[in-house]
Amino acid sequence: MKKIVILISGRGSNMQALLEAKLPCTIAAVISNRADATGLETAQKHGIATHVVAHRDYADRENFDAMLAKTIDAYQPDFVVLAGFMRILTATFVHHYHGKLINIHPSLLPAYAGMHTHARALQDGVKIHGCTVHFVTPDLDHGPIIIQAAVPVLANDTEQILSQRVLQEEHRVYPQAISWLCNEQISLNVHGKVEFQTHKQIGHALISPGLE
Ligand code: GRF
């Protein structure tokens, strides 16, 4: 069975969705860069080993990433899953986990890479927004896409309401992506593209606002 390590920085609701999803893998550990991340408690309640590698304890990104990698590698995971991990990782770290480092981002990438995705989507007046699970490459938020979920942006949405609608979908697509990876149904090929071994392409259009 494959093994994963999850990295968090805060509440860890995506981590929780992964813990509760009955994934075809072992969740070996949860690591946070913040001791006050509430997700650590959730992980402990699930009997998962937790570690804190506090970024503030390190002089620079290189030293922090080196200790992070050392903590992760003690578990020899097949995949490292970023679930609301709010640190930019060095290229050295990212290369070390080539094809094994996965992230979830709260927008339909490549739109709205970076921060404040929901506020920016509202500001632009887009009618469809969503989330993306992708392999991590040194190009921040631009790695090969595994799965996306789209939601409508509704007339009275606030940042809070929209983020909740997106988060609900994050909790559905992240377990799916990790399950595909652990069952070897998808992988990153030599050309840096996501390859589906067996893939039934099903889906329908999300039109927003809806047609009458
Ligand atoms: C999520 O919106 C995720 O997409 C982003 O950070 C947020 C983390 O939320 N990377 P949680 O800690 O998983 O609840």
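Ile31 is buried, with a relative accessible area of 0%. Buried means under 20% relative accessible area, exposed means over 50%, and partly exposed lies in between, using a 1.4 Å probe and protein chains only. This is a predicted model, in which local features need pLDDT of at least 70, side-chain atom pairs count only at pLDDT 80 or more, and totals for chains, interfaces and linings use all residues. Residues are numbered from 1 along each chain as its sequence is written, and side-chain values use heavy atoms, with hydrogens and water left out.

Where does Ile31 sit? Ile31 is found in strand 2. Helices (H or I, at least four residues) and strands (E, at least two) are DSSP runs, numbered from the N terminus. Ile31 touches Val5, Ile6, Leu7, Ile8, His51, Val53, Leu68, Thr71 and Ile72, not counting residues up to four places away in sequence. Contact means heavy atoms within 4.5 Å. Take Ile6 from that list. Ile31 and Ile6 are 25 residues apart in sequence, and their C-alpha atoms are 6.3 Å apart in space.

Now look at Ser32. Ser32 is also in strand 2. Ser32 counts as buried because its relative accessibility is 1%. Leaving out residues up to four places away in sequence, Ser32 touches Ile8, Ser9, Ala37, Leu40, His51, Val52 and Val53.

Step back to Leu23. Leu23 lies in the loop between helix 1 and strand 2 (25-32). Is Leu23 buried or exposed? Leu23 counts as buried because its relative accessibility is 12%. Beyond its neighbours within four places in sequence, Leu23 is in contact with Leu18, Pro175, Ile178 and Ser179. Leu23 and Gln76 are 53 residues apart in sequence and 18 Å apart in space, C-alpha to C-alpha.

Next comes helix 6 (159-182). At 1.5 Å a residue, its 24 residues should span 34 Å, and its end C-alpha atoms are 34 Å apart, which agrees. The expected span is 1.5 Å times one less than the number of residues. Just after helix 6 comes Glu184. Glu184 lies in the loop between helix 6 and strand 8 (186-188). Its phi is positive, about 60°, although Glu184 is not a glycine.

Most residues other than glycine have a negative phi, and most peptide bonds are trans. His116 also has a positive phi, near 50°. His116 lies in the loop between strand 5 and helix 5. His116 is exposed, with a relative accessible area of 56%. Pro110 is in the loop between strand 5 and helix 5. The peptide bond from Leu109 to Pro110 is cis, with omega near 10°. A cis peptide bond also joins Ser208 and Pro209, with omega about -5°. Pro209 is in the segment after strand 9 (194-196).

Thr117 is found in helix 5 (residues 117-124). Thr117 counts as buried because its relative accessible area is 4%. A polar atom of the Thr117 side chain lies 2.8 Å from the backbone oxygen of Pro106. Thr117 touches His105, Pro106, Ser107, Tyr112 and His129, not counting residues up to four places away in sequence.

On a 1 Å grid over the protein atoms alone, a cavity is a set of points where a 1.4 Å probe fits but cannot get out, and a pocket is an open set with protein on both sides within 12 Å along at least five of seven lines; lining residues have an atom within 4 Å of a point. The volume of the largest pocket is about 1000 Å³. Grid points are joined across faces, edges and corners, and a volume is the space filled by probe spheres set on the points. By class, the lining has 14 nonpolar, 17 polar and 5 charged residues. Ala, Val, Leu, Ile, Met, Phe, Trp, Tyr, Cys and Pro count as nonpolar, Asp, Glu, Lys and Arg as charged, and the others, Gly among them, as polar.

The second largest pocket has a volume of about 850 Å³. Its lining has 21 residues, and Ile147, Gln148, Trp180, Ile202 and Gly203 are the closest to its centre. Strand 7 (145-152) and helix 6 each supply at least two residues of this lining.

Key:
Polar contact = N/O pair within 3.5 Å; in protein donor to acceptor, adjacent residues only side chain to side chain.
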